[in-house]
Amino acid sequence: MAARDLSRGLESLPVSVWPPCEEPPAFQYSPEHVAGAGEDTDPSEITFPGCNCLTASCVANTCSCLRHGENYNSSCIKYIGSEVDYTRPIFECNAMCRCGEFCQNRVIQRGLQFRLEVFKTVKKGWGLRTLEFIPKGRFVCEYAGEVLCFREACRRIQAQTPEDSNYIIAVREHVYDGQIIETFVDPMNIGNVGRFLNHSCEPNLFMVPVRIDSLVPKLALFAAAAISAGEELSYDYSGRFLNVPLIKREQEMLEDDDVMKKPCYCGAKSCVGFLPYDSSLCYTPGKQTFSKVSQGNSCA
């Protein structure tokens, strides 16, 4: 019998489930963002002009999409290992560009490139693992879901009980003159395979906002190191990896004694013992719950 495809053919590769006799909680699969309640911006709308490159693959000194420099090298994100290099914005060539479909600046839009499997963990509910080797720097998957306005994200967070799982992520990109672009994504009801990624204090993935057609960024996850077949995939819900020093987050969590903390079961040597939270989204008088937060890259 053929393995069940959780994506129902919507991804470039099938997503298997283990054990086959169990079913993850029901949700609507969407490989891309969709507009959620209260959000005026349509993430599928083409808002960026295309480049005029007539070559098969664009190069940095002539392509308008690469005005900040080349983004990829052999499908791997460039400059991996340097935190500073990830503060620059990434724009891929889009539907309006005149370059070829195999342009080296088209990576995220090609979808899944490695076989992934949703599986039942011992303590963390459902998780996600790779069924094949993933080289360092390669794109793994998106974190896609409903794009929300701030008010709706807060409403959903505050409606949760301490027992509820939270999927909402807040991505904050620091731009010029101290301005911040915020993106709120919730894949709980509508989302992709990224919704099954668990937190780790020593993650093997890191998140980078990537813009293609729309101002709304794709939340792309890349391999922080070579990942073996069968290894669980994870990222740091706080956005600390390549962004915020660990010692700062440890101090903040230890100093905030009034917050109910959910235990972390990542098993890493540097595990701080509790899941990260974003108090700006989840605070109401007398109540505190958790939300993921990624402190993102600069954008210009």
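A: In this predicted model, Arg156 counts as buried, because its relative accessibility is 14% and the cut-off for buried is under 20%. Its salt-bridge partner is Asp186, with the closest N and O atoms 2.9 Å apart. Arg156 lies in helix α1 (residues 150-158) and Asp186 in strand β12 (residues 180-191), so the pair ties together parts that are 30 residues apart in sequence. Asp186 is also buried, at 4% relative accessibility.

Arg172 is buried at 10% relative accessibility, whereas Glu182 is partly exposed at 37%.

Arg156 and Asp186 also belong to a network, in which salt bridges that share partners join them with Glu146, Glu152 and Arg155.

The structure holds 13 salt bridges. Another of them is formed by the side chains of Glu23 and Arg4, at 3.2 Å from N to O. Glu23 sits in the loop between β1 and β2 (28-29) and Arg4 in the segment before β1, so the pair connects parts that are 19 residues apart in sequence. Here Glu23 is exposed, with a relative accessible area of 51%, and Arg4 is partly exposed, with 32%.

Terms used: Residues are numbered from 1 along each chain as its sequence is written. This is a predicted model: local features need pLDDT of at least 70, side-chain atom pairs count only at pLDDT 80 or more; totals for chains, interfaces and linings use all residues. Side-chain values use heavy atoms; hydrogens and water are left out. A salt bridge is a side-chain nitrogen of Lys or Arg within 4 Å of a carboxyl oxygen of Asp or Glu. Helices (H or I, at least four residues) and strands (E, at least two) are DSSP runs, numbered from the N terminus. Buried means under 20% relative accessible area, exposed over 50%, partly exposed in between (1.4 Å probe, protein chains only).
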